[in-house]
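Hi there,

Here is the structure I promised to pass on to you. Have a look at it first, and then read my notes below.

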Amino acid sequence: MDWQTLATQLFGAGHGITRDGDLLRGTVEFDAEPLTVIGTTDHAPIGVQLALSQARIVLDTMTRHPGRGILLLIDTQGQQLRRRDELLGINRAMAHLGMCIDLARRRGHRVLGLVYDQALSGGFITSGLIADACDALPEAEIRVMRLPAMARVTKLPESLLAELSESNPVFAPGVHNYVAMGGVRKLWQGDLADALREALAHAPTDDRRAEDGAARGGRRMAAQVMQQVLDAP
Amino acid sequence: MNQPGLETLDYALPGTRPAGAFTPVLVGVVGSGNLEVLLEPAAGGDCRVHVETSARGFGAIWSAVVSDFHARHQLAGVQVSIHDMGATPAVVSLRLDQAAQELKP
Amino acid sequence: MTTSYAECSARERLALLVDTGSFHEWLPPAQRLTSPHLAQLGLPAAFDDGVAIGRATLGGHTVFVAAQEGEFMGGGVGEVHGAKLVGLLKRALRGRPRAVLLLAESGGVRLHEANAGLIAVSEVMRALLDVRAAGIPVVVLIGGANGCFGGMGLVARCADHVVMSDIGRLAMSGPEVIEASHGVEEFDSRDRALVWRTTGGKHRWLTGDCDTLVEDDVAAFRTAAIAALSAAKPITMAALEEEHGMLAARLAFNGAEAVALWAAQGIADAARVPDLDVAAVTALGAR
């Protein structure tokens, strides 16, 4: 779904979200409450610049609008794959974005992520995955890496990975697998505004993902291992 | 199409030198051309060896390496568990000996 | 007589770093908490899933520690590996050690466990930030041959303090992935000097992306880790604004070459930096 359609369905035609390059930003009104919207579009690669632009909005929200909810709209191909960004410390810039979002949460801002198109790798870790919770549209795609690159790095045949990607939840890119694993809280079916309403009301503020993964059967060991560490003599 | 799979091999050799009780010993690292060996106390008088390896088809060589190891150490009441990623027989023997060495008081 | 940190296994580093004999392991190898995902790929598991965690003392202070084994699956974070790290961090909230030490050597998400690894890394990040919010410093040590990349490169920069050797590397994407994506002109992954200028310890020290630069010596890492026990930096609005300003200023530099960046920072004779020893580079970046 393109961001304009999404924004209109959620907030109406005069939603106030604007696009600046790959960056989406705006203040919307939802159920008579203002919400900060930050996001990316066009499968944006997240470089130092775009990470900082998003962080700036989070920081400004904390300073100027204490307590205001933040909605992250996610469509990214992951981190920008350029030597310049590595030189300038893209990992630090992205970690900074993550820490800004995390501080906002600790200061009482509700932060929700929505994958509305694609989410890959680092671009997802420091946005949706560090929010209070991350939801997704049913047609969204979440991946760690595209198959050819994965085949190169793992030295596993691309054909094998493709086969596993069809059915194995650990590899398959569909959001249903991320729901099963606990990474995504819920898929937005039906009326999108109702789904947002529900998310704002019920998304947890602590990290429930390992529990969810165990309950839903997609990640059977994580929660148990965490508990075993806590209980170890 | 290539269907990968681990090969599993098991051996049980009667030993003459009981290892008694000891804290499990781990040597080595699972990496390309390398292996890890975990040594634990086990009931009974055998030296039991369990191998999981990604390098398939070398059963005869594993047999020989395990027999030679047992001839050197004659351990009884131990479980040797191996995760292997294509180590050479020399490296396997070295790790097994390193593990056995840690049993000596 | 020095002991190369890079050449040690994770367990060897841990044993030599902490006070002698003080390491008590949680979920040791004999518990066989191995990956449920590797066998289907024909790959052997590791008894500790590539990370040893536990409690130790460092200079007499109780610390919780984790050491990633770079040789196993490139140190990649899988479901169990990640859960061990999260468990350790959660336990720190209860046990309140002096610090949590992470001996990081990792390519990031373990691709062989893809989705599970991605979620795991994110859980580690959140748990780490909970520990910092509780006032317990998190110190990351980076000095393995595989460096600290991907999701772990993000985790590292969420810590209070990063110690690197000149052999260590800290970055997001590996040079091979960048080259595969945008060509050898963008990043020649076989040019080792280029790779280390762009992502290695000396560069990260000069730009401030690591807090201490040490020789490739376990004793040097130990000394730096002990000093870092008092380096807790609370995450506040003021701290994040300062960080933001510093990062934003970097964008004023237009190029992609380290020597030019160092020169722009005012470092004299920048081209010589790769040839200088750690002490000399430390002095150049002194703050």
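Arg25(A) stands opposite Ile38(A), a residue of strand E3 of chain A. The two strands in question are E2 (residues 23-30) and E3 of chain A, which run antiparallel and are joined by 8 bridges. Strands here are DSSP runs of E with at least two residues, helices are runs of H or I with at least four, and both are numbered from the N terminus. Two strands pair if DSSP finds at least two bridges between them. The hairpin of E2(A) and E3(A) has 2 residues between the strands, and Asp31(A) takes a positive phi near 50° there.

Before going on, a word about the source: this is a predicted model, in which local features need pLDDT of at least 70 and side-chain atom pairs count only at pLDDT 80 or more, while totals for chains, interfaces and linings use all residues. Residues are numbered from 1 along each chain as its sequence is written, and chains are lettered from A and ligands numbered from 1 in the order in which they are written.

Next, follow the sheet onward. E3(A) pairs in the parallel sense with strand E5 (residues 69-74) of chain A, over 5 bridges. Leu35(A) has Gly69(A) as its bridge partner in E5(A), and Gly39(A) stands opposite Leu73(A). E5(A) is also joined by 5 bridges to strand E7 (residues 111-115) of chain A, and these two run parallel. There, Leu72(A) stands opposite Gly113(A).

Are these strands buried or exposed? A residue is buried if 20 or more other C-beta atoms lie within 10 Å of its own, exposed if 12 or fewer, and partly exposed in between, with C-beta atoms placed from the backbone. In E3(A) (residues 33-40), 6 of the 8 residues are buried, so E3(A) is largely enclosed by the rest of the structure. For E5(A), 6 of the 6 residues are buried, so E5(A) is largely enclosed too. In a regular strand the side chains alternate between the two faces of the sheet. Both faces of E5(A) are covered: Gly69(A), Leu71(A) and Leu73(A) are buried on one side, and Ile70(A), Leu72(A) and Ile74(A) on the other.

Now for the helices. The axes of H2(A) and H4(A) come within 9 Å and cross at roughly 20°; axes are lines fitted to C-alpha atoms, for helices over the stretch in contact, and angles run from 0 to 180 degrees between N-to-C directions. H2(A) and H4(A) are therefore roughly parallel, the word for angles under 35 degrees, whereas those over 145 count as roughly antiparallel, 65 to 115 as roughly perpendicular and the rest as oblique.

H2(A) also packs against helix H9 (residues 237-250) of chain C, at an angle of about 150° and with the axes 11 Å apart. That makes H2(A) roughly antiparallel to H9(C). Among the residues making this contact are Leu52(A) and Leu59(A) from H2(A), and Leu240(C) and Leu247(C) from H9(C).

Finally, how many residues of chain A are in contact with chain C? There are 63, and they touch 68 residues of chain C; two residues are in contact if their C-beta atoms, placed from the backbone, lie within 7 Å. The largest share of this side of chain A, 13 residues, comes from H4(A).

Enjoy exploring!
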